Amino acid sequence: MNYVFQFNVVWDHLPELLEGALLTIQLSATAMALGLLVAIVCAYGKSAGPPPVRWLVAAYVELIRNTPFLVQIFIFYFSLPVIGIRLTANTAALVAMTVNLGAYAAEIVRAGIEAIPHGQVEAARALGLKRLQIFRFIIIFPALKTVYPALASQFILLMLSSSVVSTISAVELTAITNSLASTTFRSFEFYFVATGLYLAMALGFRAGLGAIYWAVFQRGRTA
Amino acid sequence: MGRSFGTGEFLFLLKAIPSTLLLSLGALAGGAIVGLFVAILRIVPSRPLRWLATSYIGLFQGTPVLMQLFVTYYGLAVLFKIQVDAWPAVLLAFSLYSGAFLGEIWRGSIEAIPRAQWEAAECLSLGFPKQLWYVILLQAARISIPPTVGFAVQLIKNTSIAAIIGFVELTRAGQLMTNATFEPMIVYPIVAALYFILCWPLSLVAQTLERHIDAALGIKQHF
């Protein structure tokens with residue numbers, strides 16, 4: 001083996017890589033927020049909606065969870081323009097990530113909702129709260145708290161899988177790494193460093209999500 | 001005008017399914033070997049060995065599969081000074097990836113075995129390897145079946161990522177047919193449907209088995 005590793009090329013392009021990492025963080029964070037919203041709405045629909053809504057949510061969840069993310073991206077970016085819905089690469093990526101996360105997170109949130117003791121709901125009903133009020137004030141907060149670790153893992157999986165959106169020319173860390181690797185012919189070095197950046201982002205997200213948990217669910221509480 | 005999407009094109013997609021399945025099975029087999037080592041290293045008495053296995057899992061669960069694929073692909077190219085065939089690189093990358101996930105799943109199964117089983121084995125003056133082999137592993141294997149099947153679904157979906165480095169499987173076949181027919185609105189939904197047909201039954205099996213085993217272990221059912 002007489003290949004000479006040249007990591008100084010990577011070092012020269014580090015600002016561009018970091019910029020890519022920032023784009024990945026922005027894209028993922030936006031998708032996490034929107035995806036959680038979709039998930040909460042779906043979880044509500046599945047646990048309290050009329051049968052057709054339940055059936056629809058179940059179909060959405062099963063369809064997304066049993067097909068590859070890459071194919072979902074292709075459908076949003078390549079197939080939808082045929083029926084007149086034209087999205088830019090980054091928008092298509094964001095939509096695909098949101099739809100994907102929404103399905104996985106909906107199942108997680110639903111599990112949280114079902115873990116709420118039924119007495120809580122009955123007590124709320126006895127106080128005269130309406131359905132949506134019960135969901136908003138009694139159920140959703142403790143439900144999210146219960147399943148928070150699973151949600152956080154799903155968020156991080158989403159951030160990692162965002163690397164495949166580079167295939168539809170969405171700009172983020174992997175896309176920038178691809179172009180740098182092909183112009184400098186230092187593929188191994190660039191991908192190696194980009195992998196390290198993803199690892200750092202995964203650890204960063206884990207710490208950040210932990211901080212959010214503390215700020216939302218723990219602060220000012222004695223129990 | 002180019003080709004339109006007909007029976008021949010559909011057959012082309014069908015013929016790509018064996019590659020997807022073969023890659024998934026190969027990676028599952030490779031991952032099983034790696035995963036068994038990882039799971040056992042996670043529970044051995046020696047602290048450095050446990051740390052090694054933990055870092056391995058952290059590394060592969062904290063980086064995108066696409067990056068693992070790129071690093072393996074270009075890493076093998078560097079090692080052997082030639083551009084290698086896609087098969088070995090893809091198989092190696094997916095085996096290492098599966099090893100991390102299976103290792104973690106199986107560690108969980110081993111730890112779900114009651115402590116008293118270990119103690120009873122120790123009372124029979126079996127050493128650690130014999131305790132593991134004769135008493136623990138077979139019981140743990142039963143618990144590990146549902147999550148392992150669940151992971152197989154994840155693996156089948158993730159093998160689509162191999163399409164990005166040009167490995168011809170179902171997703172890549174879909175890309176090729178889209179390029180030939182310019183009909184992404186037909187091709188990608190069919191590709192998604194084919195994945196769904198592969199994955200959904202496995203998902204259902206995993207769910208059913210989980211319910212059975214939870215019932216057998218006396219775990220309270222919420223759903």
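1. A word on terms before the surface: a patch here is built from residues with over 30% relative accessible area and no salt bridge, and nonpolar side chains are joined within 5 Å. Please also keep in mind that this is a predicted model.

2. Which residues form a nonpolar patch on the surface? They are F5(A), F7(A) and F192(A), and together they have about 280 Å² of accessible area.

3. F5(A) deserves a look of its own. This residue sits in the segment before α1 (7–12) of chain A. Its relative accessible area is 36%, so F5(A) counts as partly exposed and passes the cut-off of over 30% for patches.

4. Stepping back to the fold, chain A has 9 helices and 0 strands, giving the pattern α-α-α-α-α-α-α-α-α along the sequence. Its C-alpha atoms fill a box of roughly 75 × 50 × 30 Å along the principal axes. Of the 223 residues in the chain, 47% count as buried.

5. Now to the second largest pocket, whose volume is about 400 Å³. Its lining has 14 residues, and those nearest the centre are S47(A), I113(A), H118(A), V121(A) and I139(A). Two or more lining residues come from each of α2 (14–48), α5 (89–114), α6 (118–126) and α7 (131–161) of chain A.

6. Which element gives the most to that lining? It is α7(A), with 4 residues.

Terms used. Residues are numbered from 1 along each chain as its sequence is written. Chains are lettered from A and ligands numbered from 1 in the order in which they are written. This is a predicted model: local features need pLDDT of at least 70, side-chain atom pairs count only at pLDDT 80 or more; totals for chains, interfaces and linings use all residues. Side-chain values use heavy atoms; hydrogens and water are left out. Patches are made of residues with over 30% relative accessible area and no salt bridge: like charges are joined within 9 Å, nonpolar side chains (Val, Leu, Ile, Met, Phe, Trp, Tyr) within 5 Å. Accessible areas come from the Shrake-Rupley method with a 1.4 Å probe; for residues, only the protein chains shown count as cover. A salt bridge is a side-chain nitrogen of Lys or Arg within 4 Å of a carboxyl oxygen of Asp or Glu. Buried means under 20% relative accessible area, exposed over 50%, partly exposed in between (1.4 Å probe, protein chains only). On a 1 Å grid over the protein atoms alone, a cavity is a set of points where a 1.4 Å probe fits but cannot get out, and a pocket is an open set with protein on both sides within 12 Å along at least five of seven lines; lining residues have an atom within 4 Å of a point. Grid points are joined across faces, edges and corners, and a volume is the space filled by probe spheres set on the points.
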